[in-house]
Amino acid sequence: MDPDIQHVIFKVIQGDLTQFEQIMNKYQRKIFSYCYHMLGHYAEAEDAAQDTFIKAYKNLEKYQPDKSFEVWLYTIASNTCIDALRKRKSTKYLPFLYQNDKDNRHVDQTINDHYYNEEILISLSRLTIEERSLLILRCV
């Protein structure tokens, strides 16, 4: 249990909303990376990471201090990504509603070239959602 993060959480719950920025600064990159590995798309990962922090902020009073805050945050991120994957799966049946991310393809490629191995992403896409989540969480 990180006493500094516990203090920040306490301050946010007490009404000092500006302190939530410290939480975001500490975990934003990790959560985005997790979401990117889960979803495989830059824009979706950004949205999922943002949703994760919004959900965490809204539910901060439900966080139990005797548990790891990081695990709690990853649980929210995992559930957010799983929801996104389910939504993606259902949109395949409704092609007229499916939004293609062609405009951001160059961004995805840049990230893949510099940070991620394409073969690994392909392998990850073959796993079930649960297997992918477990593997990524283990690595992260």
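Reader: Leaving aside its neighbours within four places in sequence, which residues is Ile 31 in contact with?

Author: Those residues are Ala 49, Thr 52, Phe 53, Leu 73, Tyr 74 and Ala 77, where contact means heavy atoms within 4.5 Å. Please keep in mind that this is a predicted model, in which local features need pLDDT of at least 70, side-chain atom pairs count only at pLDDT 80 or more, and totals for chains, interfaces and linings use all residues. Residues are numbered from 1 along each chain as its sequence is written, and side-chain values use heavy atoms, with hydrogens and water left out.

Reader: Happy with that! Why is the pair of Tyr 27 and Phe 69 called tilted?

Author: Rings of Phe, Tyr and Trp (its six-membered ring) pair if their centres lie within 6.5 Å; planes under 30 degrees apart are stacked, over 60 edge-to-face, and the rest tilted. Here the centres are 5.6 Å apart and the planes at 55 degrees, so the pair is tilted.

Reader: What makes this pair tie together parts that are 42 residues apart in sequence?

Author: Tyr 27 lies in helix α2 and Phe 69 in helix α4, so the pair joins those parts. Helices are DSSP runs (H or I, at least four residues), numbered from the N terminus.

Reader: How do you know whether Phe 32 counts as buried or exposed?

Author: Buried means under 20% relative accessible area, exposed over 50%, and partly exposed in between (1.4 Å probe, protein chains only). Phe 32 has 19% relative accessibility, so Phe 32 counts as buried.

Reader: And why does Tyr 42 count as partly exposed?

Author: Tyr 42 is at 23% relative accessibility, and therefore counts as partly exposed.

Conventions
Helix = DSSP H or I, 4+ residues; strand = E, 2+ residues; numbered from the N terminus.
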